[in-house]
There are 2 protein chains.
Amino acid sequence: MSERTTLKRLPERGDHSRETIHSILDEALICHIGFVHDGYPVVIPTIHARHGDTLYVHGSPASRMLRDLKDGVQVCVTATIVDGIVAARSLFHHSMNYRSVVVFAEARLVTEPEERLAAFRAVTEHILPGRWDEARHPDRNEDKGTLLLALPIDEASAKIRSGPPEDEEEDYALDIWAGVIPLELVAGEPVPDPVLTPGIEAPEYIRDYEGGR
Amino acid sequence: MSERTTLKRLPERGDHSRETIHSILDEALICHIGFVHDGYPVVIPTIHARHGDTLYVHGSPASRMLRDLKDGVQVCVTATIVDGIVAARSLFHHSMNYRSVVVFAEARLVTEPEERLAAFRAVTEHILPGRWDEARHPDRNEDKGTLLLALPIDEASAKIRSGPPEDEEEDYALDIWAGVIPLELVAGEPVPDPVLTPGIEAPEYIRDYEGGR
């Protein structure tokens, strides 16, 4: 375990098992990717997908972020799932229940056609399982127009907080409600494109969408 | 407008109005804060609150992140709200509907008691409106034990994607469902602390919690 991913504080919230790290990356719909640009930190939300021990992010070659990253610079990718608000009796012990993963890596540009295809598929199936088999696949220009980066998931750590609040011993006697308000990213009723050809019904994987879960 | 917050790509998705930036920061429950540590980018999820034109983040003085930041280093704070999955007819035009804000700033350590109190209140009321008046306020040790950082919201930009997919002209004839799956962070039934004093009911602001909305 590298120095950077050794958790310095609240080590009981750290969890380095590969299975945990993978499951959080798989459930989170987006991540935040950080890099250094002209000496300044930049943090950008983006779509990702895990494929084995590799994390893929993709975008347009015109994006400043990806132009920077393809040069093999160091990045930090953080994915966070918010699970609830922890209301303690004291303000000091208020918290969130959450699961997060931090990955430190050097970005590698993906150019090999077979890996590009696998990565496109992973990103599609991560966001919308079932879509790969139905939507039109990228043509040559669209393929060229998609910058694809791979990051090894080697130097990574997970951090999790779950369960009820933990108050100071003397505060448990206070006459204050304490507990957790669970939070969940929930899919609503699909909204068809206003110009959708009449008669095309939403397929099951759209109607029953449940996110990364 | 500084060079860093000038959107280089898809400028139609950029929105620099102060009102829009504030509303996104207010609705997002957490943000991701990026900084440079020993030359490497680090991105950490954290709780924030806006108070006027200032963004506050807080944590333990033992946190590596906040130890770094109190020295006045440059940070990038990004808050993102995911609104939906955009299913286009072609994979290339798949996207997310989202609202995000990026703030570039130098962190300032908050030490003045009156500002600290206002910031604690802002953070509490951001996460759980109504809680400030009920929970036990920080005592002297808890106050000392909370590192509080202020960032001016000067150099900031918002980016928004909303609405239906936009496909290539020739793809509209394809026999593929297209549209948006809306996504929303929804609060579930509050879960009382298992050791909650019997007879204490959840107050209205807990029962009717609706997040930043």
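Q: How does strand β10 of chain A pair with β11 (residues 191-192) of chain B?
A: First, what counts: strands are DSSP runs of E with at least two residues, helices are runs of H or I with at least four, and both are numbered from the N terminus. Two strands pair if DSSP finds at least two bridges between them. Here β10(A) and β11(B) pair in the antiparallel sense over two bridges. One position to look at is G179(A), which stands opposite P192(B) in β11(B).

Q: And how should I read the names and the values?
A: Residues are numbered from 1 along each chain as its sequence is written, while chains are lettered from A and ligands numbered from 1 in the order in which they are written. This is a predicted model, where local features need pLDDT of at least 70 and side-chain atom pairs count only at pLDDT 80 or more, while totals for chains, interfaces and linings use all residues.

Q: How many residues of each chain are in contact?
A: Two residues are in contact if their C-beta atoms, placed from the backbone, lie within 7 Å. By that rule, 81 residues of chain A touch 81 residues of chain B. Elements of chain A that give two or more residues to this side include β2 (30-37), β5 (74-87), β6 (95-106) and α3. β10(A) gives the most, with nine residues. The residues on this side of chain A divide into 53 nonpolar, 14 polar and 14 charged. Ala, Val, Leu, Ile, Met, Phe, Trp, Tyr, Cys and Pro count as nonpolar, Asp, Glu, Lys and Arg as charged, and the others, Gly among them, as polar.

Q: What does chain A look like on its own, in helices and strands?
A: Chain A has five helices and eleven strands. Of its 213 residues, 40% count as buried. Buried means 20 or more other C-beta atoms within 10 Å of the residue's own, exposed means 12 or fewer, and partly exposed is in between, with C-beta atoms placed from the backbone.

Q: Which strands pair with β4 of chain A?
A: Four bridges join β3(A) to β4(A), which run antiparallel. H51(A) has T54(A) in β4(A) as its bridge partner. This hairpin has two residues between the strands, and G52(A) takes a positive phi near 65° there. β4(A) also pairs with β8(A), in the antiparallel sense over six bridges, and T54(A) has P152(A) in β8(A) as a bridge partner. β4(A) is mostly covered, with five of its six residues buried.

Q: How do I check the span of helix α3 in chain A?
A: The expected span is 1.5 Å times one less than the number of residues. For the 15 residues of α3(A) (113-127) that gives 21 Å, and the end C-alpha atoms are 21 Å apart, which agrees. Its buried residues include F120(A), V123(A) and I127(A). The buried residues of α3(A) pack against α1, β3, β4 and β8 of chain A, together with β5 of chain B.

Q: Is D38 of chain A buried or exposed?
A: D38(A) is exposed, with 8 other C-beta atoms within 10 Å. It lies in the loop between β2 and β3 of chain A. Most residues other than glycine have a negative phi. The phi of D38(A), though, is positive, near 55°, in a residue other than glycine.
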